[in-house]
Amino acid sequence: MTGGRGPGEGARGAGPGRPPGGSPIPGLPSWADEDTPVFVISIAAEFSGMHAQTLRSYDRIGLVRPGRASGGGRRYSVRDIALLREVQRLSQEEGVNLAGIKRIIELEREVDQLTDRLAEVTDELARSQTRLQALIEQGGRRGDLLPVRRTQSVVVWQPGRRGPGAAGEPPDGDGAS
């Protein structure tokens, strides 16, 4: 997953980077964060409580998208493992089929992206309001700002022909060509 919180993180008291028992995942390098793909498929399968073939299947259908090593081998991040646990929970405890799980994951990613975008727009609005207030205060002292009257009227200009031939009159005025 890209950015944000993944589905199921924090569920059942096991957050990202923690196997079902709640202890930290061993072997995570100090330079790696929850999005760094460092675990080979056998380790990821062990941490997620699934068979490696199940992880390959989930990769094929697009439920989980692990990173790839230079040789092409799958590498799973802590976030990927948390997502695998959530897939397993939704399937086994909630009875959701894989197509439904895929849709849930897609919608959660979309919500995360929209939440991030909303935060950006909210910050931008706050900055704009601050700038506007500063301009109003400056304009009030210097007299640079003038009130603008807003109207609802719209003027539509339609080009017309001028001179002979305008409004359907013949060019020479007698109607003969």
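Predicted model: local features only at pLDDT ≥ 70, side-chain atom pairs only at ≥ 80, totals over all residues.

Me: How many helices and strands does the protein chain have, and what pattern do they follow?

Reply: The protein chain has 4 helices and 3 strands. Along the sequence, the pattern is β-α-α-β-β-α-α.

Me: In what order do the strands of the sheet lie, and which are the edge strands?

Reply: Two strands pair if DSSP finds at least two bridges between them. Here the 3 strands form an open sheet with the order S1-S3-S2 and antiparallel pairing. Strand S1 (39–40) and strand S2 (67–68) are the edge strands, since each pairs on one side only. S1 is joined to strand S3 (residues 74–76) by 2 bridges, and the two run antiparallel. Opposite Val40 stands Arg75 in S3.

Me: Which helix lies across S1, S2 and S3, and at what angle does it run to S3?

Reply: Axes are lines fitted to C-alpha atoms, for helices over the stretch in contact, and angles run from 0 to 180 degrees between N-to-C directions. Contact means heavy atoms within 4.5 Å. Helix H3 (residues 78–92) lies across S1, S2 and S3, and runs at about 85 degrees to S3.

Me: Which residues of H1 are buried, and why are they on the same side of the helix?

Reply: An α-helix has 3.6 residues a turn, so residues three or four places apart point the same way. Buried means under 20% relative accessible area, exposed over 50%, and partly exposed in between (1.4 Å probe, protein chains only). In helix H1 (residues 41–48), the buried residues are Ile41, Ala44, Ala45, Phe47 and Ser48. They cover an arc of only 165 degrees around the axis, and therefore lie on the same side of H1. The arc is that of the directions from the helix axis to the C-beta atoms. These buried residues of H1 pack against S1, helix H2 (52–61), S3 and H3.

Me: Which residues are buried in H2, and what arc do they cover?

Reply: In H2, the residues Ala52, Leu55, Tyr58 and Asp59 are buried. Their arc around the axis is only 115 degrees, which puts them on the same side of H2.

Me: How many aromatic pairs does the structure hold, and why is the pair of Phe39 and Phe47 edge-to-face?

Reply: Rings of Phe, Tyr and Trp (its six-membered ring) pair if their centres lie within 6.5 Å; planes under 30 degrees apart count as stacked, over 60 as edge-to-face and the rest as tilted. The structure holds 1 aromatic pair. The ring centres of Phe39 and Phe47 are 5.6 Å apart and the planes stand at 90 degrees, so the pair is edge-to-face. Both Phe39 and Phe47 are buried.

Me: Where is Asp35 found, and how far is its C-alpha from that of Tyr76?

Reply: Asp35 lies in the segment before S1. With 33% relative accessibility, Asp35 counts as partly exposed. The C-alpha atoms of Asp35 and Tyr76 are 8.6 Å apart in space, while the residues are 41 apart in sequence.

Me: What share of the 177 residues in the protein chain is buried?

Reply: Buried residues make up 27% of the 177 residues. Of the contacts in the protein chain with a separation of 6 or more, 55% are between residues 24 or more positions apart.

Key:
Residues numbered from 1 in each chain as written. Heavy atoms only, no water.
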